Amino acid sequence: MKELFDNVSNACSKLVTEKYSTSFSMAVNTLSPKIRTDIYNIYGFVRFADEIVDTFHDYDKELLMTHFERDYYMAKEQGISLNPILNSFQQTVSKYKIPDEMVQAFLKSMKADLYKTEYNTKEEYDEYIYGSADVVGLMCLKVFVNGDDKMYDNLKDAAMRLGSAFQKVNFLRDLKDDYEVLNRSYFPNIDLGKLDKASKKLIIDDIEADFNFAFKNGILNLPSEAKFGVYMAYRYYRRLLKKLSNVPSEKIMDTRIRISDPMKINLLARSYVKYKLNII
């Protein structure tokens, strides 16, 4: 009966993905069926941790995070958890030998959001990005390469840069909530209260460099099971970045950028044509 429970756990992680991010769910659905479940499992874990620090304001966040981390390691040790999100994630960690360093780096960045509000140096910023985004890209890459260590080593830098790009786009898109509601300022040496055109361009250029590196050195060389799905997520975030770049710096705090459902479908169709024509 453990198999039935594991199937239910996997279904829960998929449901979390679908409810919290229709865009990411659409991208995952274009991956090979052989790897979709494990990507859902990774997303479920990182989403719940993120929700603890960003959303559950009426509860003891630090206590929730402590229990979440403790319960994960109990699940990892015992091979089971009655928390279906942790149960499914520990399966994926075990199956693909995801190093504990990645999980620890992720949890460290999440716990930093409980108390740290400013990142004043590039070193602090890079460490946070590594834990909150880069290692998530590396976890997914572990699934994509399925034990091919040589391929993993060749693609890991690109996976990290793509994770960084996604996270930085999220920072720019969520600037108002992060700054005014959560009192956080991620971009070092930039006064978000007086964001000017030059500062915004520095942020955009940095993200563009990450995207370009990730595309040329990673996405084009991914296994066929993963290439289209990752390319789809890449196209979505590049479109978000384009829309953000068109918003005047003085208005970006007051503008909520999103991609409409018809545009998502349009992106999917156009990306699929390029994929089938071997343009990517």
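Predicted model: local features only at pLDDT ≥ 70, side-chain atom pairs only at ≥ 80, totals over all residues.

I begin with the helix pair. Helix α3 covers residues 33-54 and helix α6 covers residues 100-112. Their axes lie 10 Å apart, and the two helices pack at an angle of about 20 degrees. Because angles under 35 degrees count as roughly parallel, α3 is roughly parallel to α6. The crossing of these two helices is right-handed.

Which residues make the contact? From α3 come Phe 45, Val 46, Ala 49, Asp 50 and Val 53. On the α6 side, the contact is made by Val 103, Phe 106, Leu 107 and Met 110. Sorted by class, the contact of α3 with α6 has eight nonpolar residues, no polar residues and one charged residue.

I turn now to the second largest pocket. The space in this pocket amounts to about 260 Å³. It is lined by 13 residues, and the closest to the pocket centre are Lys 122, Tyr 125, Lys 168, Pro 188 and Asp 206.

Which helix supplies the largest share of this lining? That is α7, with five residues. At least two lining residues each come from α7 (122-145), α8 (149-173) and α10 (197-217). By class, the lining of the second largest pocket divides into seven nonpolar residues, one polar residue and five charged residues.

Thank you for your attention.

Note on methods
Residues numbered from 1 in each chain as written. Heavy atoms only, no water. Axes fitted to C-alpha atoms, helices over the stretch in contact; angles between N-to-C directions. Helix = DSSP H or I, 4+ residues; strand = E, 2+ residues; numbered from the N terminus. Parallel < 35°, antiparallel > 145°, perpendicular 65-115°, else oblique. Left-handed = near helix turned anticlockwise from the far one by under 90°. Contact = heavy atoms within 4.5 Å. Nonpolar A, V, L, I, M, F, W, Y, C, P; charged D, E, K, R; others polar. 1 Å grid on protein atoms, 1.4 Å probe; cavity = no way out; pocket = protein on both sides within 12 Å on 5 of 7 lines; lining within 4 Å. Points joined across faces, edges and corners; volume = space filled by probe spheres on them.
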